[in-house]
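Dear colleague,

I am passing this structure on to you, and my notes on what was found in it follow below.

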Amino acid sequence: MSLSYDYEWLGPMMFAGAFVFLGLGYPVAFSLGGVAIVFGLIGMALGVFEPMLLNAMPLRIFGIMENYTLLAIPYFIFMGAMLEKSGIAEGLLETMGILFGRLRGGLALAVVIVGALLAATTGVVAATVVAMGLISLPIMLRYGYNKELATGAIAASGTLGQIVPPSIVLVVLGDQLGISVGDLFIGSILPGLLMAGAFAVHVLVVAFLRPDMAPPLPPEVRNIGARALGLRVVKALIPPMVLVLLVLGSIFFGIATPTEAGALGALGAMFLAIANRQFNWRSLGHVCDVTLRTSSMVMFILLGSTAFSLVFRGLHGDSFMFDLLANLPGGETGFLFVSMLTVFLLGFFIDFFEIAFIVVPLFVPVAQQLGMDLVWYGVILGANLQTSFLTPPFGFALFFLRGVAPPEVTTGDIYRGAIPFVLIQLLILVTIVAFPGIVSFLPSLT
């Protein structure tokens, strides 16, 4: 059924209506589903929406339930929650702090490295930022670290969970882009390492130029003896690194799919918790509850977005958006700029899952028509979201850190501390865009 010219506004209005409800604080899944029902009824009343299209909804829901890729999400959530309960983060930070304690800026460097390791084990920004904020921020302040440098390093390192595999963000992006999650994981390894390396270099340069901002640890704190330090490394550092290598290595060498690797990671996290004597029925119940709640939230959002996209397509809103995005001035460059700017701005106000399920599907057909490498496009989307989550005044990572920071650390300290790291992230994002080989190199080897 062709859509009358007089009713072309229905698609864009439906899109705007969804964001109005999200802005008012209504639950995402019900906002999307509710808007779909309302505009479906309006479309039927105006004779521009075919009711028979609704017959496709049950098939779409069953398709979601049968999606093997999405099964990786609860596995990785379980792995991250179990590692958080097992004390891995605390042990890592303490050990790395002692290892780098004799360096100026050693504690901040330890935070960056541990942030990258936690990102590779938990894949959840909130868990990483909160864990490091609770554990490392009081220690850094106690030993004379500048508040802005300390908070900036913690918040920036915490956002690495957006791009360092096995990120839940990348799992969802892979599904929405219709590409292999394994390829997306492998393609994001070098950009993630590049981002973490840039953070580390910044910390060391600041400590070199301004020694008062990042003093070394006192000798009585860092000198615990070679034997004691060796035991700490064996106990706190090696097990999570082995787990990361097992999970990512099994994907990289084609031994396991991301879903199977997630199951391996969940099992490995349980063994680590047992080794740390932190495993009991109560902690297992807590981890299962976190996994169930988060996974259910993702699935309900996906169901709501499926209803939304079905009605949106029935009203030819997808054709309207495709024509708009495909005919932007500048071709691929213009589309890339508009799509990245849109995702960056939306990241201030709504969660990643809403962006992935509502906005990203609108970009995919245009990116395909322009012949873009979707693995590369997925990686820069993840890097863009990482930057958005750190940018004042609305960055989610800053809110997470504000919630656990001591009273003497002001919101202004956190905002000012984040700005240099935001600039670094933008520089790395531009580098990835300018040199796509950074993303494609490792996937080409598999």
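Predicted model: local features only at pLDDT ≥ 70, side-chain atom pairs only at ≥ 80, totals over all residues.

Residues are numbered from 1 along each chain as its sequence is written, and side-chain values use heavy atoms, with hydrogens and water left out.

Rings of Phe, Tyr and Trp (its six-membered ring) pair if their centres lie within 6.5 Å, and planes under 30 degrees apart count as stacked, over 60 as edge-to-face and the rest as tilted; by this rule there are 6 aromatic pairs. One of them joins Phe-76 and Phe-185 edge-to-face, at 6.0 Å centre to centre and with 65° between the planes. This pair links distant parts of the chain, since Phe-76 lies in helix H4 (residues 72-85) and Phe-185 in helix H10 (residues 181-209), 109 residues apart; helices are DSSP runs (H or I, at least four residues), numbered from the N terminus. Phe-76 is buried as well, with a relative accessible area of 0%.

The rings of Phe-252 and Phe-253 are also edge-to-face, because their centres are 5.2 Å apart and their planes at 80°. Phe-252 is partly exposed at 22% relative accessibility, whereas Phe-253 is exposed at 63%.

With kind regards

Terms used. Helix = DSSP H or I, 4+ residues; strand = E, 2+ residues; numbered from the N terminus. Buried < 20%, exposed > 50% of the residue type's maximum accessible area, 1.4 Å probe, protein only.
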